[in-house]
Amino acid sequence: MARDIHVMMLPWSAFGHLIPFFNLSVALAKAGVRVSFISTPKNIQRLPKVPPNLDTLINLVEFQLPTMEKEFLPEGSEATMDVSFEKIQYLKIAYDLLQGPVKRFVSDQRPDWIFVDFISYWAAEIAQEHNIPLLMYRVFSASQFAFMGHPESLVGDGHKRMRPSPESLTSPPEWVGFPSSVVYRNFEATTYYKGFYGHNASGITDAERLAKVIQACKAFAIRSCTEYEGEYFNICEKITGKPVIPIGLLLPEKPAEGRRITDKSWIENFEWLDGQKPKSVVFVGFGSECKLSKEQVHEIAYGLELSGLPFLWALRKPDWATGDHNALPPGFSGRVRGRGVVCIGWAPQSEILEHPSIGGSLFHAGWGSIIETLQFGHCLVVFPFIIDQPLNARLLVEKGLAVEVDRSDDGSFTGADIAKALRLAMVSEEGENLRVRAQEAAEVFGNRNLQHSYFNRFVEYLDKNGAATNQSQLQSFKDK
């Protein structure tokens, strides 16, 4: 049913943000909400196709990313996956320069809501000027927001008291009033602290960006549900003093009956999967943002080899590899032939995870991948690297839903560490309880009726609290 709601989406230029915002746009359009999705031409080209039946409700709006000198931002770089970590600060400078065209678009189109990431702090001023409510869509979990999002801890004296050093990220914060293992380890905290609180070329820290958005927002929406992390939703509302809305898990649509895969190599890979025993294969994948070093790729390979388990590994071609042939250890492919398959490049992850031969996943513990994997009841072997991933991994382990790969104090690991975690999760007697709990979790993560009910309530909230509704209520008050 069509609704008289227009939402403008303004995601950060990272595909870990762009894809969740796009998926939310599709879900809203299915509920009859009109969406304007703003990004750059190259990023929009790399998004999934808008379903044909939603063409009239989703408008993909392209704004050219301002160019910078090549030594700062290489030509054609429009997302974090296009640049090294050190150059992301320059991508933020270019992204912030979109403020002008975005402001003109808002003035012309007058949306009922503006949905933002924490990066686009300048949208707060645009929303206020046009009297349009701002909503922050959190692409991470509620537990991550609860851990990092206390407004007083982000800037000023509160930051100096609550988050004075990387070590302050290695224990539960004072506002979490129950025992929790959702913390960073020392080697993770050092990197995250510098990236989040440290100064960069854009002139504003990520923590300052988040603080400004939290202050300006009318509400927060989180892709999660209270059955999984209800206690953390309570903390989020307490520390922000604003509505924090669970919108459900936005489960991907089930693939149509019959395979839609047309790529020849993937047809062969699925035929290989068809020949494996049910729940026996480990899917291995670390996404597009996780840039593994040569040593890390080789140790993961050795771990898969040592485990003796059948596996399917979707490996993003490393920047350091001159070709597919030298991305893996010498002789590795021959030694695992028949037992393991390595696919370099894109992989149809949803279709792979749905296959009955898949029984577990070795992955980075990104929130979207957790949702995709647990809906099928697969056991999880978590191997976190960046941003929210360590916190997600700790909560999964705490809930008995995952095994985390052991690492040294400096973050290093060996193939033996990988193999040990894989065998514990997939085949050992000790891991039986984990496998049972993963199946139980599917009753929540795969429950489409439950997740739809969350989303329906969210749409009702948007309907009752948008700019048009507020203007109508104001006019009604004036007329009395």
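The model is predicted. The chain has 480 residues and a radius of gyration of 23 Å, which agrees with the value near 23 Å for a compact globule of that length. Its secondary structure comes to 20 helices and 13 strands. Of the 480 residues, 56% are buried.

**Overall shape and packing**

- The C-alpha trace spans about 80 × 55 × 50 Å along its principal axes.
- Take the contacts between residues at least 6 apart in sequence: 70% of them join residues at least 24 apart.

**Surface and charge**

- The chain's accessible surface is about 21,000 Å². Carbon and sulfur atoms account for 51% of that area.
- The chain carries 49 positive and 56 negative charges.

**Helix H16**

- H16 runs over residues 389–398 and is mostly covered. Eight of its 10 residues are buried.
- The buried residues are Gln 389, Pro 390, Leu 391, Asn 392, Ala 393, Arg 394, Leu 395 and Leu 396.
- Helices contribute to the cover: H6 (142–148), H8 (186–197), H10 (226–240) and H15 (367–374) are among the covering elements.
- Strands take part as well, including E12 (379–382) and E13 (402–404).
- Just after H16 comes Gly 400, with a positive phi of about 75°.

**Thr 373, in a covering helix**

- Thr 373 sits in helix H15, one of the elements that cover the buried residues of H16.
- Thr 373 counts as buried because its relative accessibility is 1%, and the cut-off for buried is under 20%.
- Beyond its neighbours within four places in sequence, Thr 373 is in contact with Leu 353, Ser 361, His 378 and Leu 380. Of these partners, Leu 380 falls within the range of strand E12 (379–382).

**Lys 254, in a loop**

- Lys 254 lies in the loop between strand E7 (244–246) and helix H11 (264–274).
- Its relative accessibility is 58%, so Lys 254 counts as exposed; the cut-off for exposed is over 50%.
- Lys 254 and Glu 354 are 100 residues apart along the chain. Their C-alpha atoms are separated by 8.8 Å.

Methods. Residues numbered from 1 in each chain as written. Predicted model: local features only at pLDDT ≥ 70, side-chain atom pairs only at ≥ 80, totals over all residues. Heavy atoms only, no water. Helix = DSSP H or I, 4+ residues; strand = E, 2+ residues; numbered from the N terminus. Rg over C-alpha atoms; globule rule 2.2 N^0.38 Å. Buried < 20%, exposed > 50% of the residue type's maximum accessible area, 1.4 Å probe, protein only. Contact = heavy atoms within 4.5 Å. Areas by Shrake-Rupley, 256 points an atom, 1.4 Å probe, with all protein chains shown as cover. Lys, Arg positive; Asp, Glu negative; His and termini not counted. Charge placed at Lys NZ, Arg CZ, Asp CG, Glu CD.
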